[in-house]
Amino acid sequence: MELLVHGVGGTTPEKMLDDPRTVRITGDDTAAVFRRADHLEDAPAGPGQGSGKEPVQEAYVWCNLTSGDGSRALWLLLLPFMVVNLAHWMRPAAPGRRRTVRLYGLLVRLTALTLTVLLVAAVCEVALDLVAWQCAGVAACARRHSWLGFLAPAASGDGWWSPPGRRLALAASVPTAVTALLWYLSHRTWSAYESHRPMAREPEPETDDSALARPGFWYGRRLVARLRAAHTAAGLLTVAAVVVAPAARFDHRSGGPAALNTLSWLLAAALLGCAAVVVGVVCSRGRSENRLDQQLDRPLVRRLPLGALGLLLLVLLYAGWSRPGWQSAGRLPGDPAFGALMLAQGLLAVVLAVVAHDLYRRHPDPRAGMRGLGGPAVALLACALGGVMSGGIAQRVADWLDGTRALLDGPPVLLTWQASVIPPLLVLLLAAAVLLALRASRLARAEADRVRQEHPGEPEDPSRTRSIARARAMATLTDRTPLVVAVLAAATLLLGAAALAGALATGQPPEGAARQTYDIVQAAAETCQALGSWLVGVGFLLFVTWGRRAYKDASARRTIGILWDVGTFWPRAAHPFAPPCYAERAVPDLTWRMETWTRHTGGRLVLSGHSQGSVLAAAAAWQLTPSVRRRVALLTYGSPLERLYGRWFPAHFGPRALGALHGDIACWRNLHRRTDPIGGPIRLPGDCGPAVDHEPLRDPLAYGRTPEHPLPAPILGHSDYQADPDFARERDRLLSRLRPDLPGQRPEPRSPE
């Protein structure tokens, strides 16, 4: 049998099997295995009956795991969570360094926790500070927004909801609802993805080759449930802290009510105690991969969020208590809170970089991206993305509430500084893009000479030569991604530190802080602040527009799904609110199908994967039992296994891991093109490299017009590998290598419809 696995973006079983009549033989509407309709009758056993016939083809279609109903548009809000979750898996290979590896995972989980707190704090800034505290407390702003009339003391005649504490208690329902929504999305996807149990098997002798071969790697049910409880509690505690702070500050004044003063200290102690429990849960051991861990820690999963919710209700009751003379003025103390979060994230990123460098220098891998510092860089970028999104939301709401910027104090100064560093960051990125474009142009000229040498005797078409050379040169830009990420991460760290120092030192936005300086500095500060605010606003509007379009339009939703195809391959080991890991459904699906088919038929199969499908195929092959693994041949094409995954995730797809996989399966062949920006060679060391990697396929198949190609052949790049004659030849060779000692077949029971 040949089991086909498609790549990013998805496709249909009819296209995969090249037949309009296909039948689903197992699976559901989310992911399923299909066959041609005529193969159900002609070849129930599957592998060609051992008589030299073409093998039966099956297609595993998994695209709906990442692009389904309209609720997938909400995943856009989870982008920073997805990025920080990637950082967990990007550590360098570290054989024998288990304690350091655990420290690395702990630091990433703590960074992920700060992102949850940052998101909820940003919603609190909008709902509690800008709306309930500032706008509702200023008569002119409340008159501009009549829906706030019942909260404004002047408009409501000091109504029941007009005291500041009650306004804050009512507004707290917004961040509480956001936290509940995150919990719901995580729980819903947890039930649909993490709860799919892989096939039980005996654990193999533990090695440091790759964790993907461990029985419990694709079963993170217990860990995600525990982290979900901790992050939900952290979000609720953040809301409680924002509500209790201004009320406690009022009660701590001299002559205040003694009972409320005492209660404020008790609530603060309870909040700190519950926060310590949350941090302890996050710091506890991450994943158990050597076995299928089916425990759930139900007392913790239930009691921790409920305890935090109960504490929040007590805080709301405390804040809503009558306090004569209490009025809202200025802004809530957001600068210290956001500053502390930003400082903590920066320190965590620096410590994470130190740990990653220590892991890398013990076992250096020259192909590893950024010399093992890819994980810390990506974690830092996740924090920066969360900060920009937080600042963008707060700035847009502030402009909507007070377009003149004269009535309200606005969001915390730090958020304005964060927006102001966006223009210089974009300038650096533009400079890097120009350098890469110049390099691609020089490489295209060199490739043009090579293209001419590859087609001697054919009439030269300069336009055709330039197109092929340009496609090859552009494909090499993928290999320069580590440089771009390094520049972006370093600039983000330096500019973020400057923004934090400027906000805390001056207490003013960049424009105000630069008033007493040189004219050129003042002009630069004014430009960066105005342009940064505009860019944040445009980005926020584009973000909302894309989300609305994705909610209504299936094609736009599929585009978002392509992003998730790459970003959500890995289990949610760091952040439970990240988009779900589709591989925790897809890998068990493939493993179950291959194990049950070989058990029923005694046959052998070719596992054929394109693009991201090749990554799923390799992960599924690792999960097979050793006896079945030796009956499987792997055919990969357009594969990012080494070019992307091997460089960015060296601990799991590095040379040692891929070499071990090659030794465990029957045979492996990999096809790639020079024009492919995603796929590339596997680059196994020693004699294994030529045995796996085919020479780069020709693209296009013909330079000029030929009898076989009377019209100009397209430049295929990453797509349509089956169109190359070498594809069929390599597939046949794999099948012939599997057939020599193929045993007689036992009929396979047809799967129920």
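**Close-up views of a predicted model**

**View 1. The cysteine C667 and its distance from another cysteine.** In this predicted model, the sulfur of C667 lies 13 Å from the closest cysteine sulfur, which belongs to C688, and this is too far for a bond, because a disulfide requires a pair of cysteine sulfur atoms within 2.5 Å. C667 is also buried, with a relative accessibility of 4%.

**View 2. The disulfide of C135 and C141.** The model contains 1 disulfide, and it links C135 with C141, whose sulfur atoms are 1.9 Å apart, a separation that falls within the 2.5 Å limit for such a pair. The angle about the S-S bond is -90 degrees, so that the link of C135 and C141 is described as left-handed. Both partners are buried: C135 has a relative accessible area of 0%, and C141 likewise has a value of 0%. C283, by contrast, is in no disulfide, and the nearest cysteine sulfur, that of C274, is 15 Å away.

View 3. The largest nonpolar core has 158 residues, of which F569, W570, L616 and F653 touch the most other members. Helix α4, which spans residues 98–135, supplies the largest share of this core, with 21 residues. Another core, of 20 residues, lies apart from it and includes L4, A59, Y637 and L671.

**View 4. The packing of helix α4 against helix α13.** Two packed helices are described by the angle between their axes and by the distance between those axes. For α4 and helix α13, the latter formed by residues 374–401, the angle is about 5 degrees and the axes are 10 Å apart. The two helices are therefore roughly parallel, because angles under 35 degrees are placed in that class.

View 5. W417 is found in helix α14, which covers residues 413–420, and at a relative accessibility of 15% W417 counts as buried. When its neighbours within four places in sequence are left aside, W417 is in contact with A498, A499, G502, A503 and T506, as well as with Q508, P509, P510 and A513. W417 and C528 are 111 residues apart in sequence, yet their C-alpha atoms are 9.3 Å apart in space.

**View 6. The meeting of helix α14 with helix α15.** The axes of α14 and of helix α15, residues 422–454, come within 5 Å and cross at roughly 20 degrees, so α14 is roughly parallel to α15. The contact is made by Q418, A419 and S420 of α14 and by I422, P423 and P424 of α15. Of the residues in the contact of α14 with α15, 4 are nonpolar and 2 are polar, with no charged residues.

Conventions: Residues numbered from 1 in each chain as written. Predicted model: local features only at pLDDT ≥ 70, side-chain atom pairs only at ≥ 80, totals over all residues. Heavy atoms only, no water. Buried < 20%, exposed > 50% of the residue type's maximum accessible area, 1.4 Å probe, protein only. Core = buried A, V, L, I, M, F, W, Y, C linked by side-chain atoms within 4.5 Å. Helix = DSSP H or I, 4+ residues; strand = E, 2+ residues; numbered from the N terminus. Axes fitted to C-alpha atoms, helices over the stretch in contact; angles between N-to-C directions. Parallel < 35°, antiparallel > 145°, perpendicular 65-115°, else oblique. Contact = heavy atoms within 4.5 Å. Nonpolar A, V, L, I, M, F, W, Y, C, P; charged D, E, K, R; others polar.
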